[in-house]
Structures are given as C-alpha cells and as structure tokens.
Amino acid sequence: MMNVLNELKVNPLDYVANLESPIGIYLRREVFKKETKIDSTLKRKLYEKTVADQDKDGSWEQLFVRTANNLWNLALLGYNAEDTSIKKGLEWLLSIQRHEYRGYPGFFLSDNRKDPSTMRSTFYGEFGPGCTIFYQTTYAVHLFHIFSFDDNKQVQTTINSYLKFWKPTWCGAWCTINVLRMLIEHPLSKESMQVESGLKHFAKKQTKTGTWRGLPFYHTFHALSRSNHVLAKKQFGKAFQSVVKRQNKNGSWGKKEQETETFLVLDALKNAGAM
C-alpha cells in the first residue's frame, strides 16, 4: 500500500501529538518519526511511574491484566528485555504457565480472582476480553514475541498445543481474534493450516464495506496487518475504506477508547507499509 495520509479526512498526528502516554510516545516515534526532546523526559517519567509499584515477584498486584498491560507499556516506551523490570515481569508470567486446557499443556492463568472482572472492564491494548485462559495465554505469548523470545521452549509448548486443536469456530469472537493474532505472528504457526483456516473464516465474514460481521473491527484490522498471507492482505485492503469513514474529526478513531483504537489503526497501517 502507498502512503495513505492524503486519503484520510484529518492528519492523525493532530491527535497523536497531544498524547502524553506510552501509546503517544510509540506512535510519534515509530509511525510519524516525530519524537521530540520533550518525549525523552516524558518517557522516563512514565517509566518511573509504571515500575514504582511493581511487586518483588515481578507482577503488579499479582494481577495478570495489570502486569501484561504494564509490560506492553514498557515495550511501547522503547524498553527491551534487558530492563530489570521487564525481566522480572516476564519471569512472573512464566510462573503462571502451569495449566492444561483439555489436556493440552502450556496455558497461562493467574490465581487472582479479580482478573476475570478486571479483564472485562479494561479495554486497552491489542487483546480483548474473551475467555480468561485464552486471553491470558495469547496475551502472554504476544509479550514474549515482542520481547524477542519466540524460541523460548515454554512459549513454543503453547503454540504447539494450539496447533493441535484450535479452529476459528472454537470459541467466541474475542477468543477467535486473540488466538489468530498470536498464531499469525509466531514463526512456528504463521504459515500453518490453522492460520489459513482462520483467514478464510474471516474472509467469509467480511462485508462489502470492509467490516467483519461479529468481529471487533479495529482489532481484526490490526491483527491482519501482521500477516503476509494473501488472504490477510486482501481483507486488509478492502477494510481501508471503512477506516477512512470511521475517522473522527480530531484525527482519532473509536468512541469510548480512542487512544487504543487509534493505535490499532495507525500501527496496522505502519505494519502494512502504508505510513
């Protein structure tokens, strides 16, 4: 795809320039190449605020949702796995990978009873509120991916388990997009029959306007941007018309969660080489 800024109603940088958050810093740095000196100070401030209440065991309150979101925030800020707080957080994630799902090993699940309700009330980032065990497992594997641990044996155990049983009609919409997003990006699964089956399933659901019946638009758009499969590229291109129509007057996307949904659109366009 060619640069799409001229096709949008408003330059999204008008909105992004004012975001004082990990998402804002990431988008200015990676999408618009407009990182400022002020961002350097803000980055450090946000880092210190994030790690200040990390527990000794590496988690945040032993809540998966808080721990995963804070690790994602640190990645957005530009920190890597050499950072002590990230190391501790990833170690805690591995400590909760002790569950089987219908006999298949490698699933992540915290013991914190607050996690399911926190997941359902927190709409942030790349993963949405599906089944608790699928949400935590797919999000955790994604974090190991972005911190360059695809070759971790425990992570590979998870991927191999999904490749043995998963199909796109296995569960509800959020679980489907969460699992496909994970499989699309991992080296062991990105060219698998399961990914192709999932993409065919999505293609059947895509409408003339480019949306997908019963699937979250922005998360689906973003997930497909991570795949080089022809079926993903075709759907992604068809969905762009809807991206243009959905843009808000201030340059953002979304209604209640504009920051997250703007990230999903702009990062997807970057992934596709359109920004």
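**Helix packing in a predicted model**

Residues are numbered from 1 along each chain as its sequence is written, and side-chain values use heavy atoms, with hydrogens and water left out.

Two packed helices are described by the angle between their axes and the distance between the axes. For α2 (residues 22-31) and α3 (residues 37-51), the angle is about 145° and the axes are 10 Å apart; the axes are lines fitted to C-alpha atoms, for helices over the stretch in contact, and angles run from 0 to 180 degrees between N-to-C directions. The helices themselves are DSSP runs (H or I, at least four residues), numbered from the N terminus. By class, the contact of α2 with α3 has four nonpolar, no polar and three charged residues, where Ala, Val, Leu, Ile, Met, Phe, Trp, Tyr, Cys and Pro count as nonpolar, Asp, Glu, Lys and Arg as charged, and the others, Gly among them, as polar.

Now to helix α7, residues 132-146, whose 15 residues should span 21 Å at 1.5 Å a residue, which agrees with the 21 Å between its end C-alpha atoms; the expected span is 1.5 Å times one less than the number of residues. Because 13 of the 15 residues of α7 are buried, this helix is largely enclosed by the rest of the structure, buried meaning under 20% relative accessible area with a 1.4 Å probe and protein chains only. Just after α7, S148 takes a positive phi of about 70°.

How do the axes of α7 and α9 cross, and within what distance do they come? The axes of α7 and α9 (residues 173-185) come within 9 Å and cross at roughly 25°. That makes α7 roughly parallel to α9, a description used for angles under 35 degrees. On the α7 side the contact is made by F134, Y135, T138, V141, H142 and H145, and on the α9 side by C175, N178, V179, M182 and E185. These residues divide into six nonpolar, four polar and one charged.

Finally, 11 of the 13 residues of α9 are buried, so α9 too is largely enclosed by the rest of the structure. The buried residues of α9 pack against several helices, including α7, α8 (153-165) and α10 (193-205).

Terms used. This is a predicted model: local features need pLDDT of at least 70, side-chain atom pairs count only at pLDDT 80 or more; totals for chains, interfaces and linings use all residues. Helices (H or I, at least four residues) and strands (E, at least two) are DSSP runs, numbered from the N terminus. Buried means under 20% relative accessible area, exposed over 50%, partly exposed in between (1.4 Å probe, protein chains only). Angles under 35 degrees count as roughly parallel, over 145 as roughly antiparallel, 65 to 115 as roughly perpendicular and the rest as oblique. Contact means heavy atoms within 4.5 Å.
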